Amino acid sequence: MAETPTHGRNLTNLIGVLRTWFADDPQVYVSGNNLMYYVPGDKNRHVAPDVFVVKGIPKDKQRDYYLVWEEGFAPQLIIEITSPSTKKEDLETKYRLYRDTLRVQEYFLFDPYGEYLRPKLQGYRLQRCQYVRIKQVAGRLPSEVLSLEFETAGDDLRVSNPATSAWLQTPEEALAAKNKALAAKDEALAAKDDEIAGLRDQLDSLRRGDAAE
């Protein structure tokens with residue numbers, strides 16, 4: 001469960017943004033906040049990443065939980081929306097689990113309120129069985145797994161396309177943009193209808209003039 005509405009917003013937005021970005025790729029599975037089991041037969045060995053991305057498995061398969069041994073491998077990327085109450089788990093327990101057991105290629109942590117992480121967005125990339133801090137590029141952290149970049153914006157973690165430097169739209173932003181486009185289209189159609197009505201009035205006036213003569 002998300003700790004605060006801000007944590008929840010970031011979690012759902014990140015999942016929504018990444019699902020939209022990979023919508024046309026049937027072999028990229030994006031999920032989060034559900035149980036991931038990694039030892040066959042041991043129900044106590046599990047973790048629940050906030051956001052994770054797995055390349056190479058079908059997205060349309062129904063999964064109530066993620067079984068690492070059944071899917072064939074662990075996620076290549078995990079994001080934790082962290083806080084002081086999860087600090088020890090995120091920086092120690094999960095850190096070691098993702099690095100040593102699951103071999104997660106990239107691990108990102110985001111502290112929305114900047115309560116303990118400095119900077120509040122940090123990332124690690126697996127190199128020779130060790131996590132190495134990902135360096136910022138123009139204020140953003142690049143993900144080699146996703147070919148995207150992460151950037152903080154106030155209390156939010158944004159995802160950007162390095163080809164355009166533009167943020168990817170959140171589901172709410174995409175809906176607002178769609179509604180705005182529909183409203184503009186309706187206005188254009190209404191203006192067109194008014195123009196046609198005006199032309200018809202002019203034509204009727206001309207016809208009446210011709211009849212009077």
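Residues are called buried here when their relative accessible area is under 20%. The structure described in this report is a predicted model.

Helix α1 spans residues 5-21. The buried residues of α1 are Thr6, His7, Gly8, Asn10, Leu11, Asn13, Leu14, Ile15, Gly16, Val17 and Leu18. With 17 residues, α1 extends 24 Å from its first C-alpha to its last, close to the expected 24 Å at 1.5 Å a residue.

An open sheet is formed by four strands in the order β10-β11-β12-β13, with antiparallel pairing. Its edge strands, β10 (141-143) and β13 (166-167), each pair on one side only. Helix α1 packs on this sheet and touches β11 and β12 (156-161); the direction of the helix makes about 15 degrees with that of β12.

Within the sheet, β10 is joined to β11 (residues 148-153) by three bridges in the antiparallel sense, and proline 142 stands opposite glutamate 149 of β11. The pairing of β11 with β12 is also antiparallel and runs over five bridges. There, threonine 152 stands opposite leucine 157 in β12.

Both of these strand pairs form hairpins with a residue of positive phi. The hairpin of β10 and β11 has four residues between the strands, and serine 147 adopts a positive phi near 60 degrees. In the hairpin of β11 and β12, two residues lie between the strands, and glycine 154 has a positive phi near 65 degrees.

Strands β8 and β9 pair in the antiparallel sense over four bridges. Leucine 126 stands opposite tyrosine 131 of β9.

**Aromatic pairs and a charge over a ring**

The model contains 10 aromatic pairs. Two of them are compared in the table.

| Pair | Centre distance | Angle between planes | Arrangement |
|---|---|---|---|
| Tyrosine 95 and tyrosine 124 | 5.3 Å | 90 degrees | edge-to-face |
| Tyrosine 98 and tyrosine 107 | 5.0 Å | 80 degrees | edge-to-face |

The pair of tyrosine 95 and tyrosine 124 links distant parts of the chain: tyrosine 95 belongs to helix α3 (residues 87-101) and tyrosine 124 to strand β8 (residues 121-127), 29 residues apart. Tyrosine 95 has 15% relative accessibility and therefore counts as buried. Tyrosine 124 is buried as well, at a relative accessible area of 9%.

Tyrosine 98 has a relative accessible area of 0% and is buried. For tyrosine 107 the relative accessible area is 0%, so this residue is buried. One aromatic cluster is formed by Tyr95, Tyr98, Tyr107, Tyr124 and Tyr131.

A charged group also faces an aromatic ring in this model: the charged end of arginine 63 sits over the ring of tyrosine 29, 4.3 Å from its centre.

**Backbone features in the loops**

Most residues other than glycine have a negative phi, and most peptide bonds are trans.

The peptide bond from arginine 118 to proline 119 is cis, with omega near -5 degrees. Proline 119 is located in the loop between β7 (106-110) and β8.

Cysteine 129, although not a glycine, has a positive phi of about 70 degrees. This cysteine is found in the loop between β8 and β9 (130-133). Cysteine 129 counts as partly exposed because its relative accessibility is 43%, a value in the range between the limits of 20% and 50%.

Serine 147 is likewise not a glycine, yet has a positive phi of about 60 degrees. Serine 147 lies in the loop between β10 and β11.

Conventions: Residues numbered from 1 in each chain as written. Predicted model: local features only at pLDDT ≥ 70, side-chain atom pairs only at ≥ 80, totals over all residues. Heavy atoms only, no water. Pairing = 2+ DSSP bridges. Contact = heavy atoms within 4.5 Å. Axes fitted to C-alpha atoms, helices over the stretch in contact; angles between N-to-C directions. Phe/Tyr/Trp six-rings, centres within 6.5 Å; stacked < 30°, edge-to-face > 60°. Buried < 20%, exposed > 50% of the residue type's maximum accessible area, 1.4 Å probe, protein only. Lys NZ or Arg CZ within 6 Å of the ring centre and 35° of its normal. Expected span 1.5 Å × (residues − 1).
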